[in-house]
Amino acid sequence: MSLRLSTVILPYRRWHEGGRTAWTRAEQLGFHTAYTYDHLSWRTFRDGPWFGAVPTLTAAASVTDRLRLGTLVTSPNFRHPVTLAKELISLDDISGGRITLGIGAGGAGFDATALGQEPWTPRERADRFAEFVPLLDRLLSEDAVSFEGDFYSAHEARNIPGCVQRPRLPFAVAATGPRGMRLAARFGQAWVTTGDPKLYESGTPEQSVQAIRGQAERLDDICAEVGRDMTDLDRVLLTGFTPDRGGPLQSLNAFVDFAGRHAELGFTEIVIHWPIADSQFAADEKIFEQIAMEAPAQLR
């Protein structure tokens with residue numbers, strides 16, 4: 001299978017002031033999927049405009065026809081499985097079955113305290129995620145669900161008619177630890193990584209490749225443990241968080257070299273950030289578009 005190229009469009013622009021244009025252009029450029037972050041705010045963008053993921057994807061679905069759409073990633077930090085399932089089923093219907101749910105355990109950023117709660121510990125995030133994903137799987141697959149868990153409950157939650165995609169829309173599960181990887185192996189149609197965050201500041205690209213290789217090998221072992229065919233699980237790399245930083249977007253050749261190294265590790269999809277001036281995602285838009293149009297053919 002050829003390596004798929006996707007993009008992530010941050011929801012920081014008003015829809016009629018450039019927001020819409022990015023999504024329609026992403027389809028024109030031939031990206032496989034255009035994702036957006038599902039945060040209430042994010043890092044250096046906190047004090048500026050930032051819009052909701054689900055309304056943004058709904059609008060994007062209305063102005064595109066072929067482009068797959070999704071979150072990268074949604075987390076339990078401010079989501080509940082029952083209400084999220086209803087929104088996702090609606091979004092999958094509006095898009096004609098083009099939605100992928102990127103989902104992760106969440107972190108300790110602004111989302112973790114926006115609802116007034118104390119931030120959860122890493123263990124509690126993992127515990128909640130382990131309950132969140134199976135319940136969401138049921139809510140998107142069954143007409144009616146009742147469940148009583150340690151963190152989440154559902155009482156005769158109705159989700160008729162269900163997803164356009166059957167048995168439900170695909171999950172792309174972001175995980176680097178064993179518990180999250182088991183969820184990816186059990187419930188995911190794809191696994192997502194950003195690499196090893198400990199290497200971002202002082203590591204080298206070579207160290208990053210080795211770390212990601214280690215993650216992929218652990219995933220292989222876990223797939224074997226749970227009886228999942230590892231070739232049936234797509235592998236997605238969200239770029240921009242490895243020591244390479246923006247280097248792969250400096251030229252077409254640089255990107256092809258970067259993507260090729262990761263394709264050799266078994267990755268089936270590479271995701272690059274839509275350029276944002278004066279940010280960590282700054283990039284030359286002409287080179288970005290050249291990569292979108294020409295790199296996939298070189299990576300087959």
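Predicted model: local features only at pLDDT ≥ 70, side-chain atom pairs only at ≥ 80, totals over all residues.
1. Phe241 and Phe281 are both buried.

2. A pair of aromatic rings is described by two values, the distance of the centres and the angle of the planes. Twelve aromatic pairs are counted in this structure. One of them is Trp42 with Phe45, a tilted pair with 6.2 Å centre to centre and 35° between the planes. Trp42 has a relative accessible area of 8%, so Trp42 is buried. Phe45 has a relative accessible area of 10% and is therefore buried too.

3. Phe241 and Phe281 make an edge-to-face pair, because their planes stand at 75° and edge-to-face applies to planes over 60 degrees apart. The centres of these two rings are 6.1 Å apart.

4. Which residues do ring pairs link into a cluster with Trp42 and Phe241? The cluster consists of Tyr12, Tyr37, Trp42, Phe45, Trp50, Phe241 and Phe281. Both pairs described above therefore have their residues in this cluster, including the edge-to-face pair of Phe241 and Phe281.

5. Two arginines should be noted as well. The charged end of Arg128 sits over the ring of Trp120, at 4.0 Å from the ring centre. The charged end of Arg245 sits over the ring of Tyr200, at 4.2 Å from the ring centre.

Notes
Residues numbered from 1 in each chain as written. Heavy atoms only, no water. Phe/Tyr/Trp six-rings, centres within 6.5 Å; stacked < 30°, edge-to-face > 60°. Buried < 20%, exposed > 50% of the residue type's maximum accessible area, 1.4 Å probe, protein only. Lys NZ or Arg CZ within 6 Å of the ring centre and 35° of its normal.
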